[in-house]
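Hi everyone, thanks for making time. Please have the sequence and the model open while I talk.

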Amino acid sequence: MADIEQPAFLAIGESLQHQDASQTTDIVDENEMAPANPFEALQARLQDDPHDVIAWQDLVNFAEDSGDFKLINEAYSSLLKVYPNTIQAQIAYMRHSQRAYPIGKPKLVDQDVIPTPQTLFSQWLKQSPDVELWKLYLEYVRSSQASSRDVVKKAYEFALRFVGQEREAGDIWKDYIEYIKDDPTSNERESQEKMDLLRSVYRRAVQIPIDNLEQIWREWDSFENGLNKLTAKKFLADVSPDYMTARMKKTELAEHHKRIGLFHPPVYDHKAPIELPIPPVLRSEERALLANWRKYLEFEESNPLGIEEKSMLAARIMAVYRKGVIKMRFYPEIWYLAYLWAQSMGKGDDAHTFLKNGLDANSTSFLLNFAYSELHEQSILNLQATANADPKKIEEKKAEGHEIYKKFVANLKIELDRLEELHIAEGGNPVSQQSGQTQNQGPVVPAQNVIELEDDITQKENEFYGIVDPAAAEAKERELERERENERREAILVAKRVELGQVNIAWMRYAKRVGQSAGLRNVFKEIRADKWVCWQVFESAALLEHQISPTADVAAKIFELGLRFFSSDVDYVVRYLNFLINKCDEANARALFERIVVSMEAEKARPIWQRWLSYQMSIADLPTLQKLDKRIADTYPKDRAMKLFAQRYLYLGIEVVAPPSGIDAIASHDLQTPLKIPSVVAPPHPTPVQAPLTSQQPPNVSNGSHVYPSYNPPPTIAPSNPAFANARPPPAARMASPLQPPKRPLPEPDALSSQKRARRSPPPPAPPQRRQQPPPPSRRWGSPQRDDRRRGRSPDRNMSPPALAWFISQLPNPRAYDGPVFNIDEFLKIISNVAVPPPSVPHDRIRSRSPPPPARNSRYMTGGEEFDTDMRIARGPPDYGPYQGPGPRPRRY
């Protein structure tokens with residue numbers, strides 16, 4: 001990568017120096033070995049990495065500095081093929097074209113060297129939502145000598161129809177108004193037409209949240225009042241609500257533009273860097289940008305301006321989506337949203353264009369490829385529904401659908417091959433089926449990475465005496481890090497291999513829909529020969545064949561064919577076993593079971609044993625089940641007999657390797673294992689149940705598989721991290737301390753009613769509890785209610801009054817609240833800082849207040865004596881007598 005990042009001329013110079021330094025006597029063709037010029041070197045670099053932004057900038061700068069129109073044309077045309085509608089590149093390219101073909105002057109180059117401005121405008125204008133390109137177009141039309149005033153007006157109307165709704169289009173509206181004002185008139189009829197046109201333009205402009213909205217409104221106000229103040233009031237009042245809406249939404253629109261990066265205009269200097277989109281890696285800021293774009297698109301689709309004309313609203317939203325796919329070119333979600341909107345508006349051609357251009361930018365996008373395939377398949381159905389449809393054309397359409405999947409699969413395999421080469425180069429094992437014979441040979445360690453360690457005797461002595469060799473420890477750490485990295489890369493390859501299998505499955509389903517069994521078999525024959533095929537493809541092909549012909553044995557033959565490649569994959573074997581069991585083919589299912597469990601490790605084959613046990617529980621008699629139990633116990637001697645017995649009665653959750661939560665009443669009822677509440681009923685954060693402090697721990701439950709208690713008491717678990725040794729548990733999980741006395745209980749409802757309005761005396765203090773007394777265990781749901789009186793509890797239990805309890809029961813669940821959430825800390829902070837004015841009191845009722853307390857380190861006089869506030873002088877007892885008014889009596893503080 002270092003060689004790629006350095007400038008091209010440095011790489012060329014180093015290669016020349018290397019050739020001069022080497023004393024070779026071979027005769028070499030000078031034309032063949034001559035280094036390419038920097039422009040060709042940059043082109044070769046971009047051919048390897050089309051999204052190298054730095055290389056594109058260097059290529060454009062080199063063409064600009066050369067002044068050669070041919071290089072300029074080649075650089076910008078290549079750039080716009082990879083990044084279409086890049087406004088900075090389009091404007092720079094257009095200015096070079098205008099310089100090559102000046103208006104009213106002879107052209108400087110031939111037309112085949114660089115396109116004419118008319119050619120470029122015809123290619124770009126209707127697809128570009130950028131206002132700057134349309135400004136350049138209007139400037140070119142106005143400067144043309146052949147353009148009449150009517151032609152210029154039509155050009156302005158043409159531009160406003162496409163970009164007039166943009167916030168940056170205020171300059172175009174202002175220039176159009178000024179151009180109409182300068183239009184000469186020769187009679188009263190032309191003056192009236194000019195006034196009507198000007199009023200119409202003003203009326204349209206003030207309803208759009210453009211940047212200079214207030215300025216255009218003031219100009220219209222002056223224009224109407226200058227003509228007639230009576231009619232001005234009527235015209236302005238009709239549009240005033242729309243103007244106020246546009247003015248209010250302008251601020252909201254500016255906030256959206258600021259979040260998505262549309263608030264600053266790009267620099268259009270020929271030396272300024274071109275802003276090109278970069279493929280994302282889904283960092284936090286990129287996710288936030290995508291979320292902001294979604295909010296902005298939803299905001300525009302909600303029609304915040306209340307535009308009643310559908311064509312005008314559609315033009316505005318279309319421009320927004322075109323901006324989105326330019327700025328967010330490598331985000332498939334934006335392309336798909338644009339496609340959905342175009343489909344909903346009945347714009348089939350635009351929907352097709354969005355998907356096609358989105359696939360050009362994101363060739364490995366599953367979302368866009370599947371959507372494009374469905375759109376193409378719908379076109380086949382529409383063609384078949386037409387009268388007198390050509391069968392040959394229909395077959396061509398079906399073949400085009402296959403080509404869509406072939407191209408998608410080829411792009412995914414290119415990425416997989418590249419990742420596997422990198423993985424093998426780093427010392428990892430191959431993942432593809434082509435190298436399946438070497439998958440179990442272990443990692444290939446390069447010779448230079450092998451580190452000589454001490455002999456076994458010295459190493460064992462060092463481990464016994466705790467002697468650590470820093471070099472050996474560092475080498476071991478590097479080896480572990482390398483193994484972890486290899487495992488991570490291998491997991492990525494396996495995941496991408498399964499993703500490729502998903503595409504192949506979708507391809508086979510498409511072939512079945514358009515070609516029935518013959519089409520399905522042809523596609524499966526092509527897919528199964530690929531080295532990246534996964535077991536899901538074989539299962540899907542078998543099930544599709546079983547749906548076409550349930551009585552045939554084609555599905556079982558496909559499963560057997562897949563078993564040649566994936567006999568060591570437990571998931572595939574369990575799926576095959578399920579297929580035979582559901583087909584009621586007991587003989588083949590038993591043969592498959594016996595064949596696999598013999599050749600597979602016992603622990604790895606545990607799901608297969610469980611599935612077979614579940615099947616035998618449904619069809620076998622009791623002696624057969626007991627024999628199977630004995631066989632399982634011999635295979636897994638470390639498992640407890642209780643566990644093996646409970647597995648026979650377990651229902652669900654045993655058909656796959658990672659089972660869901662099954663039904664195991666033995667574990668949940670007899671072994672006191674907590675029940676797993678379904679997610680629909682269980683709260684998101686349930687309060688933990690306080691277990692009794694006993695020496696025996698309750699049985700654990702993990703993903704539906706219960707771990708039954710051992711006969712030996714569990715060891716004491718110490719925290720692995722010393723930092724967590726003294727950590728306090730969360731408040732919800734802490735149990736009540738037995739050393740704290742209980743709070744005063746409230747009386748029963750009958751006692752409360754008998755006391756009437758009499759004032760209650762405080763109850764006697766609670767009797768002291770014994771130290772180290774554990775809290776009472778919680779009652780299990782469904783168990784009989786305990787009698788608190790037998791436990792010596794007070795009859796006055798801690799409960800709320802009936803009225804309050806009824807009111808609380810009528811309140812909705814707090815988790816059902818979906819309104820705004822306030823920040824309590826900020827709310828209290830605001831309240832504490834509010835300056836509340838004192839209440840207004842009549843003057844005759846105002847009582848003299850005490851003076852404020854003196855500041856520290858100050859001296860004041862009291863009764864003719866001077867006191868220092870730092871001296872801790874005890875104040876006298878407070879005076880609770882009646883107020884005597886002002887007089888010789890000393891003032892109370």
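First, some housekeeping. This is a predicted model, where local features need pLDDT of at least 70, side-chain atom pairs count only at pLDDT 80 or more, and totals for chains, interfaces and linings use all residues. Residues are numbered from 1 along each chain as its sequence is written, and side-chain values use heavy atoms, with hydrogens and water left out.

Let's start with rings. The structure holds 37 aromatic pairs. Rings of Phe, Tyr and Trp (its six-membered ring) pair if their centres lie within 6.5 Å; planes under 30 degrees apart are stacked, over 60 edge-to-face, and the rest tilted. Phe524 and Phe538 make an edge-to-face pair, with 5.6 Å centre to centre and 90° between the planes. This pair links distant parts of the chain, 14 residues apart: Phe524 belongs to helix α22 (residues 470–528) and Phe538 to helix α23 (residues 535–548). Helices here are DSSP runs (H or I, at least four residues), numbered from the N terminus.

Buried means under 20% relative accessible area, exposed over 50%, and partly exposed in between, using a 1.4 Å probe and protein chains only.

Next comes a stacked pair: Phe559 and Tyr576, 4.8 Å centre to centre with 5° between the planes.

Now look at α25 itself. This helix has 13 residues and reaches 18 Å from its first C-alpha to its last, close to the 18 Å expected; that expected span is 1.5 Å times one less than the number of residues. Because 10 of its 13 residues are buried, α25 is largely enclosed by the rest of the structure. Among those buried residues are Val570, Tyr572, Leu577 and Ile581. What covers them? The cover includes α23, α24, α26 (586–599) and α27 (606–619). At the N-terminal end, Asp569 caps α25, with a side-chain oxygen 3.1 Å from the backbone nitrogen of Asp571. Just after the helix, Cys584 takes a positive phi of about 65°.

On to the cores. A nonpolar core is a set of buried Ala, Val, Leu, Ile, Met, Phe, Trp, Tyr and Cys residues joined through side-chain atoms within 4.5 Å. Which members touch the most others in the largest core, with its 72 residues? They are Tyr137 and Trp173. Helix α9 (residues 131–143) gives the most to this core, 8 residues. Beyond neighbours within four places in sequence, Trp173 is in contact (heavy atoms within 4.5 Å) with residues including Leu160, Val201, Arg204 and Ile216. A second, separate core of 64 residues includes Leu412, Trp535, Leu544 and Val574.

One last stop: His402, found in helix α20 (residues 391–425). His402 is buried, at 19% relative accessible area. Leaving out residues up to four places away in sequence, His402 touches Trp507, Tyr510, Ala511, Val514 and Val523.

That's my tour, and I'm happy to go back to any view.

How values were computed
Helices (H or I, at least four residues) and strands (E, at least two) are DSSP runs, numbered from the N terminus. A polar contact is a pair of N or O atoms within 3.5 Å; within protein, one must be able to donate a hydrogen and the other to accept it, and residues adjacent in sequence count only if both atoms are side-chain atoms.
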